[in-house]
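Trainee: Could we go through this protein together, one question at a time?

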Amino acid sequence: MKNLFKIKIIIALIAITFSAISCNNDDEPMADNTITGIAQTNANLSILVQALVKADLASTLQGVGPFTVFAPTDAAFVAFLKTTPYATLNDVPKDVLTQILLNHVVSGKVMSTDLTTGYVKTLAKSATSGTNTMSMYVNTASGVKLNGVAMVTSADIMASNGVIHVVDKVIGLPTIVTHATANANFTSLVGALTSAGQPNFVSILSGTGPFTVMAPTNAAFTDLNTELAPGGTASVSVANLTKVLTYHVANGNVLAASLMEGQEIATLQLPQKYTIQLTGGAKIKDVRNRISTIVATDVQCSNGVIHVINKVLLPTF
């Protein structure tokens, strides 16, 4: 009986000890290893954290995810605010701030080694499209550059619900001009848009819009130069080049899914239109019956959408 009594006392002492240990552990807060939690521990991301709290996104980035966040530094936010009408972060309207922040977030865990040159979708919504979220252009030719403005300076900071890549610039909501200048495949198009004697296309295509732009690649311009031999593209007058460029722009935010067989698209080069052909893949027939293939679709901007084509469209002069 004495031995049984001793055993009971020992068991009771063990239970009390474990209970005390458990209580002590309960008193210790668990580390927040989510994206928000890790940002809160980084002194260089304090303004980002303030912005997330103001936009009610801090809890979102503590959620299940996974998310990939391109996180601007404090210096990036300070520099960005100087380019806006807002003196401080508190002056930025909540809805505007929310979309800017979401433009830094990609769904899924995307490591730096997974990034390739091309377009990805952010979680930001474009005011000109109810369904198509904003596009981000990733350029991995020399490091990782986003939308032609922000470089990744510290990659692969792991969180329990995704990954953080620190960037040196705030990535503003991209316009059509932003995406045209960010993508090296559009240097010929940009050169034509900004050539001497042209309207201020940079101002126009940075405006409210919305616009739908069929954007020819550099290869498309090279092919046009051959097609127009012996004079080549240099033989096209300034006035006719303006007609060519406006022929690639239509009003509205026309997504690929809404295109229909035989649909005629009115362009800014009124009254000239081009025709959509969908059999065997999406194509465009211009007024000269030349065929261009749409090779990439739905590059969403804040003021419209870009579709990439492999042949320059020609109106009648």
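Predicted model: local features only at pLDDT ≥ 70, side-chain atom pairs only at ≥ 80, totals over all residues.

Trainee: With which residues is Asp 298 in contact, leaving aside its neighbours within four places in sequence?

Mentor: Asp 298 is found in strand S13, which covers residues 291-301. Once its neighbours within four places in sequence are left aside, the residues in contact with Asp 298 are Lys 121, Asn 132, Ser 135, Leu 255, Ala 256, Val 305, Ile 306 and His 307.

Trainee: Which side chain of opposite charge is nearest to Asp 298, and how far away is it?

Mentor: Asp 298 is buried and yet has no salt bridge. A salt bridge would require a side-chain nitrogen of Lys or Arg within 4 Å of a carboxyl oxygen. The nearest side chain of opposite charge belongs to Lys 121, at a distance of 6.5 Å.

Trainee: Is Thr 117 buried, partly exposed or exposed?

Mentor: Thr 117 has its place in the loop between S2 and S3. Residues count as buried under 20% relative accessible area and as exposed over 50%. Because the relative accessibility of Thr 117 is 42%, this residue counts as partly exposed.

Trainee: Which residue is joined to the side chain of Thr 117 by a polar contact of 2.9 Å?

Mentor: Leaving aside neighbours within four places in sequence, Thr 117 is in contact with Tyr 137, Val 138, Asn 139, Thr 140 and Ala 141. Among these residues, the one whose side chain makes the polar contact of 2.9 Å with the side chain of Thr 117 is Thr 140.

Note on methods:
Residues numbered from 1 in each chain as written. Heavy atoms only, no water. Helix = DSSP H or I, 4+ residues; strand = E, 2+ residues; numbered from the N terminus. Buried < 20%, exposed > 50% of the residue type's maximum accessible area, 1.4 Å probe, protein only. Lys, Arg positive; Asp, Glu negative; His and termini not counted. Contact = heavy atoms within 4.5 Å. Polar contact = N/O pair within 3.5 Å; in protein donor to acceptor, adjacent residues only side chain to side chain.
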